[in-house]
Amino acid sequence: MPRQVAVRAESDHLSALLSLGPVLSAAPNLKTALARALEHVAEAVSARSGLIALREGDASELSIAAATGISWQTAQRVRYRVGEGIIGRVVETAKP
């Protein structure tokens with residue numbers, strides 16, 4: 001990818017993140033805020049699917065809090081253990 005295209009893409013992604021403020025502030029609760037934020041970011045980066053996984057305190061599992069591109073019934077069944085898969089490893093190491 002040429003440098004100019006890469007810089008433009010990064011700028012577009014940062015603009016999408018900055019525009020999340022109004023999306024989040026208009027949501028009546030955390031679940032709705034996460035779902036709207038995920039949809040907004042997925043659209044901005046042309047993602048086919050995405051998810052937000054949360055860990056409750058020191059729990060050993062993460063659960064899906066928001067998902068796009070997959071059915072909510074499927075997302076509700078998905079659980080990741082800390083250290084399991086890419087998501088679990090990111091949580092375990094605290095590094096992207």
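Is threonine 68 buried or exposed, and what is its relative accessible area? In this predicted model, threonine 68 has a relative accessible area of 19%. Because buried means under 20% relative accessible area, threonine 68 is classed as buried. The residue is found in strand E2. Leaving aside neighbours within four places in sequence, threonine 68 is in contact with Leu38, Glu39, Ala42, Arg48, Ser49 and Gly50.

Strand E2 belongs to an open sheet of three strands, arranged in the order E1-E2-E3 with antiparallel pairing. Strand E1 (50–55) and strand E3 (79–81) stand at the edges; each has a single partner strand, so one side of each is left without a neighbour in the sheet. On average, and with direction ignored, neighbouring strands of this sheet are turned by 35 degrees against each other. Strands E1 and E2 (residues 61–68) run antiparallel and are joined by six bridges. Leucine 51 stands opposite alanine 67 in E2. Helix H3, formed by residues 30–44, lies across E1 and E2 and runs at about 60 degrees to E2.

Glycine 83 lies in the loop between E3 and helix H5 (85–93). With a relative accessibility of 30%, glycine 83 counts as partly exposed. When residues up to four places away in sequence are not counted, glycine 83 touches Gly88, Arg89 and Glu92. Glycine 83 and threonine 93 are separated by ten residues in sequence, and the C-alpha to C-alpha distance between them is 8.1 Å.

Definitions and conventions. Residues are numbered from 1 along each chain as its sequence is written. This is a predicted model: local features need pLDDT of at least 70, side-chain atom pairs count only at pLDDT 80 or more; totals for chains, interfaces and linings use all residues. Side-chain values use heavy atoms; hydrogens and water are left out. Two strands pair if DSSP finds at least two bridges between them. Helices (H or I, at least four residues) and strands (E, at least two) are DSSP runs, numbered from the N terminus. Axes are lines fitted to C-alpha atoms, for helices over the stretch in contact, and angles run from 0 to 180 degrees between N-to-C directions. Contact means heavy atoms within 4.5 Å. Buried means under 20% relative accessible area, exposed over 50%, partly exposed in between (1.4 Å probe, protein chains only).
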